Amino acid sequence: MEMVGGTRLAQLFTSNQEQLLAEWFAQQHAIAARRGLVGEAELRNQFSQFTSLLVTALGASERVDFKSSAWQEVRAFLAEMSAQRARQGFTPVETAMFVFSLKQPLFARLRDTLVNDAPALADLTWTISTLFDELGLYTTEVFQASREQVIVRQQQELLELSTPVVQLWDGILALPLIGTLDSARTQVVMENLLQKIVETGAAISIIDITGVPTVDTLVAQHLLKTVAAARLMGADCIISGIRPQIAQTIVHLGVNLTNVTTKATLASAFVVALQRTGKSVTAGSAQDASRGSRASDGFDSLQAE
Amino acid sequence: MERIPILTMGRLLLVTIQVDMHDRLALTLQDDLTSRIVKDGARGVLIDISSLDVVDSFIGRMIGNTAAMARVLDAQTVVVGMQPSVAITLVELGLTLSGVRTALNVEKGMALLTGGGAA
């Protein structure tokens, strides 16, 4: 069925602007006020902007085609509105209701004006119904897309946030890993670590996996790859923070970690790193006072060596 | 014909690869290097690949082979200055150069060779 009656609809809008606004506003206000997200003035402003764009688009041609260029402005407005509501925390339904709330008031006006012209009433009802469905679906589509963007951005941020490379000492780097290691993360971790090795000229890097919840063969494979890449650059790797359960899993899985130095805690890995780089930490005068209470076992034993 | 220069530093040889390696160049380098190790009686070889941005499996294997040849001739080989991207590529290719020693730069590589010789 053809969607016709653009000019007539435009007329309907202009002559009933105030009444449409009042009825639409009653429905919208209930949603917006309950959420407390959009002010009354802003809603009114949005509505008048929307209807004026709608009237322009409807008046452009007798045939109503949402996909034609005449509707470009309306699409842009709806896209902006949906994206904004997606950010403000509206649900997709509430966003689509921005458009759908106009249906009922419009049908009421149609019935009043075309009470004696049944064919025209049927035609226009069909046009309005189809058009507003398209408009509503369009808002939902844009809403979904902008939510998707938010998710993608958060994923990227998470990826960057979760892979810091820390310099513990001159020539010693630490890479505290938190969360599950997948291929994409391993790639980022590896690149960050290697870049930092080049920047700092570090001879030893400690990969701490205290925050890695599970180690399966794939994760172990990724770890070994990182170690191999660092070794190719000329830096030794120590894997630390292996929890008892993880040690058991690694052995049960038959993962071969014999070529890599492993330590239970970051502290003991650090001690090894200091020894290998020929450095030592000695207890200073500040610790003399607390020497009676056995200050730091690791550092004391290091000093003894 | 294009050749990669081999510099003598005491009893060490320094090879700096500054051009794109292609297969024939790599093979020529292997020939030159082995004959120089024998002729100079070198104890160590430093291969500086810091200017190398791209490697393929052939070049990767070539580096490993060169190190193995030098070892047979009783000269330690240290590969120095590998770029992060090159390291990742080699690991992805499954070439971890397990028999080859590595260092971050020429200075550290030299310390590795001279320090290892003294010990």
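This is a predicted model: local features need pLDDT of at least 70, side-chain atom pairs count only at pLDDT 80 or more; totals for chains, interfaces and linings use all residues.
Figure 1. Taking the contacts in chain B between residues at least 6 apart in sequence, 78% join residues at least 24 apart. Chain B has 119 residues, and 37% of them count as buried. Its four helices and five strands come in the order β-β-α-β-α-β-α-β-α along the sequence.

**Figure 2. Helix α2 of chain B, end to end.** Here we follow residues 57-72 of chain B. After the helix comes D74(B), whose phi is positive, near 65 degrees.

**Figure 3. The buried and exposed residues of α2(B).** I59(B), I63(B), T66(B), A67(B) and A70(B) are the buried residues of this helix. Looking down the axis of α2(B), you will find them within an arc of 95 degrees, which means that they line one face. A handy reminder: an α-helix has 3.6 residues a turn, so residues three or four places apart point the same way. S57(B), A68(B) and V72(B), on the other side of α2(B), are exposed. The cover over the buried residues includes α1 (23-40), β3 (44-48) and β4 (76-80) of chain B.

**Figure 4. Confidence along chain A.** The mean pLDDT of chain A is 82, with 90% of its residues at 70 or more. Strand β4 (residues 236-240) of chain A has the highest confidence, at a mean of 93, while helix α13 (residues 297-304) of chain A has the lowest, at 46. Do take care with residues 292-305 of chain A, where the pLDDT is below 50; beyond near neighbours in sequence, this stretch has 16 contacts in the model.

Notes
Residues are numbered from 1 along each chain as its sequence is written. Chains are lettered from A and ligands numbered from 1 in the order in which they are written. pLDDT is the predictor's confidence in each residue, from 0 to 100. Helices (H or I, at least four residues) and strands (E, at least two) are DSSP runs, numbered from the N terminus. Two residues are in contact if their C-beta atoms, placed from the backbone, lie within 7 Å. A residue is buried if 20 or more other C-beta atoms lie within 10 Å of its own, exposed if 12 or fewer, and partly exposed in between; C-beta atoms are placed from the backbone. The expected span of a helix is 1.5 Å times one less than its number of residues. The arc is that of the directions from the helix axis to the C-beta atoms.
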